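I open this notebook to record what I looked up in one structure. The entries follow the order in which I worked.

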Amino acid sequence: MHLVVTAHTPDGHLSYQRTSPEAALEKADELAADGHEWIVITDITGRHYEPGEFDDLFVHPGR
């Protein structure tokens with residue numbers, strides 16, 4: 001699986017590639033903890049998900 005985690009910063013965008021939903025969500029949480037805004041996880045089809053939505057759909061569905 002190919003996922004890209006992106007956050008906006010005052011200096012521009014930061015993007016990180018991850019290969020599992022769990023790793024992508026972990027990176028998104030790290031970026032949020034660092035105070036970054038507008039964090040999205042993008043899948044291989046180009047769909048964007050906010051971390052909470054991504055968690056509900058791919059990491060902990062049905063929870």
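**Entry 1: the two helices**

I looked up how helix 1 packs with helix 2 (residues 51-59), and I noted an angle of about 160° and axes 10 Å apart. Helices here are DSSP runs of H or I with at least four residues, strands are runs of E with at least two, and both are numbered from the N terminus. Axes are lines fitted to C-alpha atoms, for helices over the stretch in contact, and angles run from 0 to 180 degrees between N-to-C directions. The angle therefore makes helix 1 roughly antiparallel to helix 2, a term for angles over 145 degrees.

I then listed the residues that make the contact (heavy atoms within 4.5 Å). Helix 1 contributes Pro 21, Glu 22, Ala 24, Leu 25 and Ala 28, while helix 2 contributes Pro 51, Phe 54, Asp 55, Phe 58 and Val 59.

**Entry 2: basis of the model**

I noted that this is a predicted model, in which local features need pLDDT of at least 70, side-chain atom pairs count only at pLDDT 80 or more, and totals for chains, interfaces and linings use all residues. Residues are numbered from 1 along each chain as its sequence is written, and side-chain values use heavy atoms, with hydrogens and water left out.

**Entry 3: the sheet**

In what order do the 4 strands of the open sheet stand? I recorded the order 2-1-3-4, with antiparallel pairing; two strands pair if DSSP finds at least two bridges between them. Strand 2 (12-18) and strand 4 (48-49) are at the edges with a single partner strand each, so one side of each has no neighbour in the sheet. Helix 1 (residues 21-33) packs on the sheet and touches strand 1, strand 2 and strand 3.

I followed strand 1 (residues 3-9), which pairs with strand 2 over 7 bridges in the antiparallel sense. These two strands form a hairpin with 2 residues between them. Strand 1 also runs antiparallel to strand 3, joined to that strand by 4 bridges. His 8 stands opposite His 13 in strand 2 and opposite Glu 37 in strand 3.

**Entry 4: Thr 42**

I looked up Thr 42, which lies in strand 3 (residues 37-42). Is Thr 42 buried or exposed? Thr 42 is buried, at a relative accessible area of 14%; buried means under 20%, exposed over 50% and partly exposed in between, with a 1.4 Å probe and protein chains only. Leaving aside neighbours within four places in sequence, I found Thr 42 in contact with His 2, Leu 3, Val 4, Arg 47 and His 48.

Conventions. Angles under 35 degrees count as roughly parallel, over 145 as roughly antiparallel, 65 to 115 as roughly perpendicular and the rest as oblique.
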